[in-house]
Amino acid sequence: TTTAGKPPVVSSSSSSAPASVSTTAAPAAAPKPVAVNTMTKTPTPVKKTPLSKITVIAATAAVVVAAKVEEPAQLSVQKMELQSEDEDGDRAGGQGDIQPVGHDYVEEVRNDDGKVIRFHCKLCECSFNDPNAKDMHLKGRRHRLQYKKKVNPELPVEIKPSNRARKLQESKLKKQKQKAVLKRQRDDEQRWHMEMRRYEEDLYWRRVEEEQMYWGEQRRRMAPPPLMSRPGMPVPPLLSCVRRPDSLDDRHIMAKHSTIYPVEEELQAVQRIVSHSERALKLVSDSLLEKETLADDAATERGDEKTENPARLLKGVMRVGILAKGLLLRGDRNVELILLTAKKPTISLLKSIAKQLPKELATFSEDQYEVQAHPEEANIVIFSSKEPKMQVTISLTSPLMREDPAAEKDKQAGGKAAEKVAEKDPPDLLNKKKCLEYLAALRHAKWFQARANGLQSCVIIIRVLRDLCQRVPTWGKMPCWAMELLVEKVISSATGPLSPGEAMRRVLECISTGILLPGPGLMDPCEKEPTDALESMALQAREDITASAQHALRLLAFRQIHKVLGMESLPASKASARNRKRRRDVSETGEGEGEGKKDK
């Protein structure tokens with residue numbers, strides 16, 4: 001006998017038979033062991049043609065085998081699907097991890113001789129004749145679901161997702177993976193751009209510092225000062241491997257910048273007088289706080305109510321103007337400080353501070369200082385006696401000097417609240433307009449430090465333009481704050497870092513287009529209300545500066561930037577001279593060609 005696969009066979013004595021036997025024509029009478037031998041599985045190739053089916057009938061006395069050929073029926077297909085479902089569920093769940101359940105509900109069916117011929121599951125109402133099939137069925141998903149439904153509801157059974165849900169989950173995971181890859185690529189690209197920009201800025205500033213060191217060394221060695229690298233001039237070993245700016249405009253601007261930058265003595269003098277002024281103001285603030293504390297103690301002794309903690313009257317000192325922005329030029333002798341007060345500043349407070357400052361300055365400094373009070377300007381000026389003589393202007397202001405919207409509404413309504421507000425203001429209040437200007441200067445310094453200090457070439461160009469405003473009366477009519485706003489906007493709107501020459505050309509191009517002329521204006525970012533930073537400029541001054549910028553742009557185009565900067569022209573470097581094309585000689589051209597060109 002030979003077996004062909006394991007398809008189920010319909011039996012007359014039971015609801016289902018688990019295996020079918022494909023044999024040749026067999027005798028009518030066969031011994032009983034034949035039925036047992038049919039249970040063995042021998043791996044043989046399965047034919048694709050429909051096979052003959054033998055119906056095995058189990059009788060009480062003997063087993064009668066009758067050869068009956070029938071076509072494949074739908075019942076056998078259903079049994080095969082049931083068994084394959086058990087096996088698939090078993091494979092999906094992992095046979096090694098799942099423990100079989102419901103042994104008691106699988107009973108053995110025996111013949112008269114006591115031989116087990118098949119197994120019957122009462123939970124699933126199915127039969128099978130193979131012990132391996134029994135174990136697989138007990139671990140299968142179908143049997144476990146029936147066991148959970150009828151016996152133990154707490155049995156964990158893995159829910160098998162449908163094809164649609166599985167596809168949706170796979171597509172969702174795929175999209176998440178793609179998003180993660182794109183985000184990682186974007187982050188890497190941004191990090192690379194930031195590193196490259198930082199590297200370029202570091203390289204440029206290192207080049208600027210080395211250029212200044214080179215010029216300082218050459219000024220100390222030779223007189224007159226050298227003009228960049230002339231043929232035969234010794235180059236310091238520090239600059240031998242560093243690439244200098246190639247552009248002629250860059251070299252002129254950096255040379256001009258080195259001449260207008262403050263010398264070391266001026267920087268030290270500014271630092272000394274500013275630090276002394278700040279320290280003295282701190283001591284004045286401490287003394288005022290002690291006076292208020294003593295006054296509160298005296299009031300307590302008299303029986304008056306005592307304030308909880310007397311607040312410090314002088315809140316702090318802030319650097320503003322060219323000192324805070326780092327725009328000092330050679331020859332600048334005046335720097336500005338802002339003194340913030342907790343209450344609205346008064347003339348009596350200003351005079352009191354001016355009276356105490358010389359005493360506090362003398363406690364820690366041997367330098368001689370002169371202190372002058374200017375109530376009409378709401379400031380105090382400190383003069384130094386040492387050369388170079390410097391002066392510090394200390395301006396008093398307070399955030400309380402700003403207009404309160406609620407107070408304005410009350411004033412418009414003409415209510416009693418306006419009278420109360422008016423009564424609170426002291427009679428000797430300082431000039432309100434000046435105090436508001438000082439608050440605006442404080443905002444300007446903070447904005448400049450946040451936006452312009454980090455821009456490449458921005459501070460250098462503003463210093464050069466400040467020198468231009470001091471040399472040329474036409475440019476002197478342009479407000480300093482408007483010029484700083486314009487330069488920052490022009491350089492920050494460029495696609496990449498600009499060299500000094502490119503930045504200067506871009507600023508002149510912007511002014512030449514007529515941005516200063518009446519129109520949208522230059523919006524002030526430090527004001528809540530829309531404010532034009534060019535509001536104070538007259539129409540004639542705007543037209544004069546625009547025409548001057550156009551003329552300067554023509555000079556840049558014809559390699560005459562030295563006339564704009566007010567300096568001597570520098571000789572061309574070796575590289576530019578070597579790359580310049582040689583002028584064509586007339587003798588090289590043929591006679592006919594020359595005549596043709598003359599005729600043309």
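A cavity is a set of points, on a 1 Å grid over the protein atoms alone, where a 1.4 Å probe fits but cannot get out. This predicted structure holds four cavities of 30 Å³ or more, a volume being the space filled by probe spheres set on the points, with grid points joined across faces, edges and corners. The model is predicted, so local features need pLDDT of at least 70 and side-chain atom pairs count only at pLDDT 80 or more, while totals for chains, interfaces and linings use all residues. Residues are numbered from 1 along each chain as its sequence is written, and side-chain values use heavy atoms, leaving out hydrogens and water.

**Second largest cavity**
- The volume of the second largest cavity is about 80 Å³.
- Its lining residues (those with an atom within 4 Å of a point) include R272, D367, Y369 and K386.
- Helix α7 (residues 264-302) gives the largest share of this lining, three residues; helices are DSSP runs of H or I with at least four residues, numbered from the N terminus.

**Helix α12**
- Helix α12 (residues 432-451) has 20 residues and reaches 29 Å from its first C-alpha to its last, close to the expected 28 Å, which is 1.5 Å times one less than its number of residues.

**Cysteines**
- The whole structure has zero disulfides, a disulfide being a pair of cysteine sulfur atoms within 2.5 Å.
- C126 is in no disulfide, and the nearest cysteine sulfur, that of C124, is 4.9 Å away.
- C126 is buried at 7% relative accessible area.

Note on methods:
1 Å grid on protein atoms, 1.4 Å probe; cavity = no way out; pocket = protein on both sides within 12 Å on 5 of 7 lines; lining within 4 Å. Helix = DSSP H or I, 4+ residues; strand = E, 2+ residues; numbered from the N terminus. Buried < 20%, exposed > 50% of the residue type's maximum accessible area, 1.4 Å probe, protein only.
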